[in-house]
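Hello,

Here is the structure I said I would pass on. Please open it next to this message and follow along; my notes are below.

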Amino acid sequence: MTRTYVVTGAASGIGATTVRLLQERGERTIGIDLRDADIDADLSTAEGRTAAVAQAIEASGGVIDGVIACAGISAPKPITMSVNYFGVTEVLEGLLPALRASDAPRAAVVSSMASLQPNSARLVEAALSGDEAATLAVAEDLIAQDPRAGRAAYPSSKRAISRWVRRESITEKWAGAGIPLNAVAPGTVITPMTQELLNNPEGLALVDAHVPMPLNYHQPAESIATLLIWLTSVENTHMAGQTIYVDGGADATLRGDDIWSWND
(Lines give C-alpha, C1' and ligand atoms only; values in the text may rest on other atoms or scores of the structure.)
Protein backbone atom coordinates (compact mmCIF):
# COMPACT_ATOMS: atom_id res chain seq x y z
CA MET A 1 0.00 0.00 0.00
CA THR A 2 1.33 3.44 -0.92
CA ARG A 3 2.32 5.60 2.01
CA THR A 4 2.19 9.40 2.10
CA TYR A 5 5.29 11.24 3.33
CA VAL A 6 5.88 14.89 4.14
CA VAL A 7 9.54 15.85 3.67
CA THR A 8 10.90 19.25 4.70
CA GLY A 9 14.03 20.59 3.03
CA ALA A 10 12.81 18.68 -0.02
CA ALA A 11 14.37 20.84 -2.73
CA SER A 12 18.04 20.03 -2.11
CA GLY A 13 20.59 17.83 -0.38
CA ILE A 14 19.41 15.02 1.86
CA GLY A 15 15.78 16.09 1.54
CA ALA A 16 15.79 15.96 -2.26
CA THR A 17 17.50 12.57 -2.22
CA THR A 18 14.96 11.26 0.28
CA VAL A 19 12.08 12.42 -1.91
CA ARG A 20 13.63 10.77 -4.98
CA LEU A 21 14.18 7.45 -3.23
CA LEU A 22 10.67 7.44 -1.77
CA GLN A 23 9.16 8.12 -5.18
CA GLU A 24 11.28 5.39 -6.76
CA ARG A 25 9.74 3.01 -4.21
CA GLY A 26 6.27 4.08 -5.24
CA GLU A 27 5.50 6.25 -2.23
CA ARG A 28 3.68 9.58 -2.39
CA THR A 29 5.64 12.64 -1.25
CA ILE A 30 4.68 16.18 -0.28
CA GLY A 31 7.79 18.32 -0.23
CA ILE A 32 8.23 21.52 1.76
CA ASP A 33 11.02 24.01 1.18
CA LEU A 34 11.68 27.72 0.87
CA ARG A 35 11.21 27.41 -2.90
CA ASP A 36 10.96 24.82 -5.71
CA ALA A 37 8.88 22.38 -3.66
CA ASP A 38 5.28 21.18 -3.59
CA ILE A 39 4.77 23.63 -0.75
CA ASP A 40 6.91 26.76 -0.63
CA ALA A 41 7.19 28.03 2.94
CA ASP A 42 9.64 29.86 5.19
CA LEU A 43 10.16 27.58 8.18
CA SER A 44 12.18 30.26 9.98
CA THR A 45 8.89 31.98 10.89
CA ALA A 46 5.86 30.84 12.87
CA GLU A 47 3.60 32.04 10.05
CA GLY A 48 5.52 30.00 7.48
CA ARG A 49 5.33 26.86 9.62
CA THR A 50 1.60 27.27 10.19
CA ALA A 51 0.99 27.73 6.48
CA ALA A 52 3.16 24.74 5.58
CA VAL A 53 1.34 22.49 8.05
CA ALA A 54 -2.09 23.57 6.81
CA GLN A 55 -1.15 23.02 3.17
CA ALA A 56 0.44 19.63 3.89
CA ILE A 57 -2.62 18.40 5.74
CA GLU A 58 -4.86 19.60 2.92
CA ALA A 59 -2.67 18.01 0.24
CA SER A 60 -2.57 14.70 2.11
CA GLY A 61 -6.31 14.55 2.64
CA GLY A 62 -5.72 14.57 6.37
CA VAL A 63 -3.71 11.35 6.55
CA ILE A 64 0.11 11.39 6.70
CA ASP A 65 2.06 8.17 7.21
CA GLY A 66 5.53 9.62 7.64
CA VAL A 67 7.18 12.95 8.34
CA ILE A 68 10.88 13.37 7.56
CA ALA A 69 12.28 16.74 8.68
CA CYS A 70 15.44 17.52 6.71
CA ALA A 71 15.24 21.32 6.48
CA GLY A 72 18.18 23.07 8.09
CA ILE A 73 20.79 25.78 7.69
CA SER A 74 24.24 26.35 9.19
CA ALA A 75 24.52 30.14 9.23
CA PRO A 76 26.32 31.61 12.28
CA LYS A 77 23.19 33.62 13.06
CA PRO A 78 20.12 33.40 15.34
CA ILE A 79 17.94 32.32 12.40
CA THR A 80 19.67 28.94 12.51
CA MET A 81 17.88 28.21 15.79
CA SER A 82 14.56 29.16 14.20
CA VAL A 83 14.95 26.85 11.22
CA ASN A 84 16.78 23.92 12.79
CA TYR A 85 14.84 23.72 16.04
CA PHE A 86 11.49 25.49 15.86
CA GLY A 87 11.11 24.76 12.16
CA VAL A 88 11.29 21.08 13.08
CA THR A 89 9.38 20.88 16.35
CA GLU A 90 6.46 23.10 15.34
CA VAL A 91 5.98 21.39 11.98
CA LEU A 92 6.06 17.94 13.58
CA GLU A 93 3.60 18.93 16.27
CA GLY A 94 1.36 20.63 13.73
CA LEU A 95 1.23 17.46 11.64
CA LEU A 96 0.44 15.19 14.61
CA PRO A 97 -3.34 15.04 13.93
CA ALA A 98 -2.70 13.81 10.38
CA LEU A 99 -0.08 11.34 11.62
CA ARG A 100 -2.51 9.93 14.16
CA ALA A 101 -4.96 9.26 11.32
CA SER A 102 -2.47 6.81 9.77
CA ASP A 103 -2.44 3.09 10.53
CA ALA A 104 1.35 3.16 10.89
CA PRO A 105 2.59 6.71 11.57
CA ARG A 106 6.32 7.44 11.82
CA ALA A 107 8.54 10.53 12.15
CA ALA A 108 12.26 11.18 11.81
CA VAL A 109 14.41 14.30 11.83
CA VAL A 110 17.91 15.18 10.70
CA SER A 111 20.16 16.13 13.59
CA SER A 112 23.93 16.18 13.09
CA MET A 113 27.20 14.83 14.34
CA ALA A 114 27.66 18.50 15.37
CA SER A 115 25.30 17.73 18.27
CA LEU A 116 28.42 16.31 19.95
CA GLN A 117 30.51 19.42 19.35
CA PRO A 118 30.93 22.42 21.70
CA ASN A 119 27.72 24.41 21.99
CA SER A 120 25.96 26.99 24.14
CA ALA A 121 24.11 25.46 27.08
CA ARG A 122 22.13 28.72 27.40
CA LEU A 123 21.00 28.46 23.81
CA VAL A 124 20.08 24.79 24.09
CA GLU A 125 18.04 25.28 27.25
CA ALA A 126 16.30 28.33 25.78
CA ALA A 127 15.23 26.30 22.75
CA LEU A 128 14.03 23.41 24.89
CA SER A 129 11.87 25.85 26.87
CA GLY A 130 9.84 26.32 23.69
CA ASP A 131 10.17 30.11 23.73
CA GLU A 132 11.47 31.15 20.32
CA ALA A 133 11.68 34.86 21.12
CA ALA A 134 13.77 34.13 24.21
CA THR A 135 15.98 31.75 22.22
CA LEU A 136 16.70 34.38 19.57
CA ALA A 137 17.39 36.93 22.29
CA VAL A 138 19.98 34.61 23.85
CA ALA A 139 21.61 34.06 20.46
CA GLU A 140 21.72 37.78 19.77
CA ASP A 141 23.20 38.44 23.21
CA LEU A 142 25.92 35.83 22.71
CA ILE A 143 26.87 37.31 19.34
CA ALA A 144 26.87 40.83 20.75
CA GLN A 145 29.38 39.71 23.38
CA ASP A 146 31.55 37.88 20.85
CA PRO A 147 30.75 37.70 17.11
CA ARG A 148 32.47 34.30 16.97
CA ALA A 149 29.74 32.94 19.25
CA GLY A 150 27.48 32.76 16.22
CA ARG A 151 29.29 29.56 15.33
CA ALA A 152 27.60 27.92 18.32
CA ALA A 153 24.17 28.30 16.74
CA TYR A 154 24.43 25.23 14.53
CA PRO A 155 25.73 22.68 17.08
CA SER A 156 23.38 24.15 19.70
CA SER A 157 20.40 23.74 17.40
CA LYS A 158 21.32 20.13 16.69
CA ARG A 159 22.00 19.31 20.36
CA ALA A 160 18.62 20.81 21.21
CA ILE A 161 16.73 18.89 18.53
CA SER A 162 18.31 15.58 19.55
CA ARG A 163 17.34 16.23 23.16
CA TRP A 164 13.81 17.21 22.10
CA VAL A 165 13.45 13.98 20.13
CA ARG A 166 14.64 11.96 23.11
CA ARG A 167 12.28 13.55 25.63
CA GLU A 168 9.25 13.80 23.34
CA SER A 169 9.51 10.32 21.83
CA ILE A 170 8.34 8.60 25.01
CA THR A 171 5.42 10.91 25.77
CA GLU A 172 1.76 10.09 25.38
CA LYS A 173 1.40 12.14 22.18
CA TRP A 174 4.18 10.23 20.40
CA ALA A 175 4.83 6.80 21.94
CA GLY A 176 1.34 6.76 23.39
CA ALA A 177 -0.08 7.27 19.92
CA GLY A 178 2.13 4.52 18.48
CA ILE A 179 4.41 6.94 16.60
CA PRO A 180 8.15 6.12 16.59
CA LEU A 181 10.11 9.40 16.69
CA ASN A 182 13.87 9.33 16.05
CA ALA A 183 16.76 11.33 14.61
CA VAL A 184 19.67 10.69 12.28
CA ALA A 185 22.98 12.49 12.83
CA PRO A 186 25.09 12.61 9.66
CA GLY A 187 28.81 13.06 9.51
CA THR A 188 30.18 14.89 6.47
CA VAL A 189 27.73 14.52 3.58
CA ILE A 190 28.62 15.45 0.02
CA THR A 191 25.93 17.92 -1.06
CA PRO A 192 25.89 21.20 -2.99
CA MET A 193 26.05 22.97 0.41
CA THR A 194 29.32 21.26 1.43
CA GLN A 195 30.99 20.73 -1.94
CA GLU A 196 32.70 24.13 -2.12
CA LEU A 197 34.14 23.73 1.38
CA LEU A 198 35.35 20.20 0.66
CA ASN A 199 36.99 21.33 -2.57
CA ASN A 200 39.15 23.78 -0.62
CA PRO A 201 42.24 22.11 0.96
CA GLU A 202 42.05 24.26 4.09
CA GLY A 203 38.30 23.72 4.42
CA LEU A 204 38.73 19.98 3.89
CA ALA A 205 41.40 19.77 6.59
CA LEU A 206 39.19 21.68 9.03
CA VAL A 207 36.18 19.45 8.36
CA ASP A 208 38.17 16.25 8.75
CA ALA A 209 39.73 17.46 12.01
CA HIS A 210 36.29 17.99 13.51
CA VAL A 211 34.57 15.02 11.87
CA PRO A 212 37.04 12.13 11.46
CA MET A 213 35.44 9.37 9.35
CA PRO A 214 37.58 6.20 9.29
CA LEU A 215 34.82 4.13 7.64
CA ASN A 216 34.43 4.93 3.92
CA TYR A 217 35.19 8.65 4.45
CA HIS A 218 32.69 11.29 3.24
CA GLN A 219 29.26 10.00 2.40
CA PRO A 220 26.60 10.55 -0.25
CA ALA A 221 23.17 11.82 0.74
CA GLU A 222 21.76 8.37 -0.02
CA SER A 223 23.41 6.91 3.09
CA ILE A 224 21.31 9.23 5.24
CA ALA A 225 18.14 9.10 3.16
CA THR A 226 17.90 5.31 3.24
CA LEU A 227 18.03 5.28 7.04
CA LEU A 228 15.45 8.07 7.30
CA ILE A 229 13.18 6.01 5.06
CA TRP A 230 13.62 2.87 7.17
CA LEU A 231 12.93 4.79 10.38
CA THR A 232 9.64 5.99 8.91
CA SER A 233 8.68 2.63 7.40
CA VAL A 234 6.27 0.09 8.83
CA GLU A 235 9.26 -2.12 9.70
CA ASN A 236 10.31 0.23 12.51
CA THR A 237 7.99 -0.65 15.36
CA HIS A 238 10.02 -0.11 18.53
CA MET A 239 12.87 2.35 18.04
CA ALA A 240 12.15 5.53 19.98
CA GLY A 241 14.13 8.61 20.96
CA GLN A 242 17.37 7.61 19.29
CA THR A 243 19.88 9.83 17.53
CA ILE A 244 21.65 7.45 15.18
CA TYR A 245 25.09 8.64 14.15
CA VAL A 246 25.67 7.82 10.49
CA ASP A 247 29.10 9.37 10.47
CA GLY A 248 31.73 6.92 9.25
CA GLY A 249 32.82 6.31 12.84
CA ALA A 250 33.26 9.95 13.93
CA ASP A 251 31.23 9.48 17.10
CA ALA A 252 33.19 6.37 18.11
CA THR A 253 36.47 8.10 17.28
CA LEU A 254 35.74 11.21 19.31
CA ARG A 255 33.81 9.76 22.27
CA GLY A 256 35.58 6.45 22.61
CA ASP A 257 34.05 3.19 23.80
CA ASP A 258 32.81 4.20 27.25
CA ILE A 259 29.47 5.94 26.82
CA TRP A 260 27.73 4.00 29.59
CA SER A 261 29.55 5.29 32.68
CA TRP A 262 26.71 7.71 33.48
CA ASN A 263 24.92 4.78 35.15
CA ASP A 264 27.89 3.06 36.81
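Predicted model: local features only at pLDDT ≥ 70, side-chain atom pairs only at ≥ 80, totals over all residues.

The lining is made up of Leu123, Ala139, Leu142, Ile143, Ala149, Gly150, Ala152 and Ala153. The volume of the largest cavity is about 40 Å³, and the structure holds 1 cavity of 30 Å³ or more. As background, rolling a probe the size of a water molecule over the atoms shows where empty space is left.

Next, strand 1. In a regular strand, side chains alternate between the two faces of the sheet. Are the residues of strand 1 on either side buried or exposed? On one side Thr4, Val6 and Thr8 are buried, and on the other Tyr5 and Val7 are buried too.

Which strands pair with strand 1? One is strand 2 (residues 28–33), which runs parallel to strand 1 and is joined to it by 5 bridges. Within this pair, Val6 stands opposite Ile30. Between strand 1 and strand 2 the chain passes through helix 1 (residues 13–24), and this β-α-β crossover is right-handed. Another partner is strand 4 (residues 66–69), also parallel to strand 1, with 4 bridges. There, Tyr5 has Gly66 as its bridge partner.

Regards

Methods
Residues numbered from 1 in each chain as written. Heavy atoms only, no water. 1 Å grid on protein atoms, 1.4 Å probe; cavity = no way out; pocket = protein on both sides within 12 Å on 5 of 7 lines; lining within 4 Å. Points joined across faces, edges and corners; volume = space filled by probe spheres on them. Buried < 20%, exposed > 50% of the residue type's maximum accessible area, 1.4 Å probe, protein only. Helix = DSSP H or I, 4+ residues; strand = E, 2+ residues; numbered from the N terminus. Pairing = 2+ DSSP bridges. Right-handed = clockwise from strand over helix to strand, strands pointing away.
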